[in-house]
Amino acid sequence: MSSLSSPTSTPDLLSNHPAASWRVRAPWLAAIAFALVPVVFTAGASAAAQLFGASEAGAALVLAAGAAVSAILGLVVMRLSPPRVRDFGYRRPRRARAALWFIPAVATVLIILGTQGVRVDAPTVAAYGVLVVAVALNEETWFRGIVFAILRARSTRTAVVGSSVLFGVLHLANLAGGADVGSSILQVAFAALFGLVAAQLFVLTGSLWPAIAWHAAWNFVSFIGGDATDSRSLVGLGAACVVMLGYVVLLGRRTSSRSDGSATTDAPALP
């Protein structure tokens, strides 16, 4: 997966800053290989938690440790790659108007919190708080950071769709944890939808932080609600999915793909 010729980043007209575009040999193989890294660390941490018979809170902390190590490894990969770390998205959002694009993301979190509530004890809530931050940093670093940059060398559209599909498909790893086939397939579809929104947010803002914040918040309200499957919770999840589908359309209409991997929007640039 050695780098080839320049450019290693392309101008992003949304952020007025270079966006990472990492050219490697066999980009799809490289993308799949890098996408497997966080999965391997999560699976290893999950196995360790089961082996030691950890409590729910203890298991969350073990998983957080595995995700944190994986995230650090991802940052090391970014640091050693031709693009700069900031060009992978570790910088503040560059457009003030982008704040308006976060409203549907906030709405999905509030819908889940309102329909599921809090169903775990205080120590477990705290442990989940640590876990969701580590997981969000880990998965966004690899999927919307490294994998996205590799596929972006082909085009922005390829990066958005490809990283989202990989994000969804690799959630089939939950089958190894004992999840049934039906719920795993639904989770794959949901994860791919979530990935589409996160990738489009990244394209529009030039930053990973909005996706990281949304990812952490979504996981947090889901975990403290016990991933409930009663009728009220399922209605809430369905409503959140409808909001996300609309969000995908809204964000998609504001972006277009170019052959050079850059993206444009019909919204005026702001400081």
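This is a predicted model: local features need pLDDT of at least 70, side-chain atom pairs count only at pLDDT 80 or more; totals for chains, interfaces and linings use all residues.
Let's start with the overall layout. Along the sequence, the order is β-β-α-α-α-α-α-α-α-α-β-β. Of the 271 residues, 48% are buried. If you take the contacts with a separation of 6 or more, 78% of them join residues 24 or more positions apart. The accessible surface is about 12000 Å², and carbon and sulfur atoms hold 69% of that.

Now for helix α1, which covers residues 27-51. It has 25 residues and spans 36 Å from first C-alpha to last, close to the 36 Å expected at 1.5 Å a residue. Its buried residues are P27, A30, A31, F34, A35, V37, P38, A45 and A49. What do they pack against? The partners are α2, α4 (122-152) and α5 (156-169). After α1 comes G53, with a positive phi near 60°.

V76 is partly exposed, at a relative accessible area of 40%. Together with I72, L73 and L80, V76 makes a nonpolar surface patch of about 390 Å².

My last stop is helix α3, residues 103-116. Its 14 residues reach 20 Å from the first C-alpha to the last, close to the 20 Å expected at 1.5 Å a residue. Which residues of α3 are buried? They are P104, A105, T108, V109, I112, T115 and Q116. Looking down the axis of α3, these buried residues fall within an arc of 150°, so they line one face of the helix. Here is a reminder that helps when reading such a list: an α-helix has 3.6 residues a turn, so residues three or four places apart point the same way.

And what covers that buried set in α3? The cover includes α7 (209-224) and α8 (231-253). Turn to the face of α3 pointing away from the buried side, and you find the exposed residues I103 and L110. Just after α3 sits G117, where phi is positive at about 70°.

Technical notes: Residues are numbered from 1 along each chain as its sequence is written. Side-chain values use heavy atoms; hydrogens and water are left out. Helices (H or I, at least four residues) and strands (E, at least two) are DSSP runs, numbered from the N terminus. The expected span of a helix is 1.5 Å times one less than its number of residues. Buried means under 20% relative accessible area, exposed over 50%, partly exposed in between (1.4 Å probe, protein chains only). The arc is that of the directions from the helix axis to the C-beta atoms. Contact means heavy atoms within 4.5 Å. Patches are made of residues with over 30% relative accessible area and no salt bridge: like charges are joined within 9 Å, nonpolar side chains (Val, Leu, Ile, Met, Phe, Trp, Tyr) within 5 Å. Accessible areas come from the Shrake-Rupley method with a 1.4 Å probe; for residues, only the protein chains shown count as cover. A salt bridge is a side-chain nitrogen of Lys or Arg within 4 Å of a carboxyl oxygen of Asp or Glu.
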